[in-house]
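Reader: I am new to this structure, and I would like to learn how to read it step by step.

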Amino acid sequence: MGKRQCVLDVPDTQAGLFTLRDSVLGQAFAAEALDMARVLMSVNQTLETRDRVLVDGDEVAFFPVFSGG
């Protein structure tokens, strides 16, 4: 994406982690170019595999998809 950090305002509608992932990465990549389900994510430096509600001040990180075993 060419950015190390990005600050986003998330509406008070209890936005979820998966919604944020789909929105941010969907804007940066063509829909067919990235399997969203394979993107690793963390919230507040803890790896997350399930959707969760985000709150003010949460730090979210997306990790690139790596190949290999």
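Reader: What is the mean pLDDT of the protein?

Author: pLDDT is the predictor's confidence in each residue, from 0 to 100. Where pLDDT is low, the predicted coordinates should not be read in detail. Here the mean is 79, and 80% of the residues reach 70 or more.

Reader: How many helices and strands does the protein have?

Author: Helices (H or I, at least four residues) and strands (E, at least two) are DSSP runs, numbered from the N terminus. The protein has 1 helix and 3 strands, in the order α-β-β-β from the N terminus on. Confidence is lowest in helix 1, at a mean of 82, and highest in strand 2 (residues 46-48), at 94.

Reader: Why does Ala15 count as buried?

Author: Buried means under 20% relative accessible area, exposed over 50%, and partly exposed in between (1.4 Å probe, protein chains only). Ala15 counts as buried because its relative accessibility is 15%. Ala15 lies in the segment before helix 1 (17-28), and its C-alpha is 5.8 Å from that of Val53, although 38 residues separate Ala15 and Val53 in sequence. Across the protein, buried residues make up 22% of the 69 residues.

Terms used:
Residues are numbered from 1 along each chain as its sequence is written. This is a predicted model: local features need pLDDT of at least 70, side-chain atom pairs count only at pLDDT 80 or more; totals for chains, interfaces and linings use all residues. Side-chain values use heavy atoms; hydrogens and water are left out.
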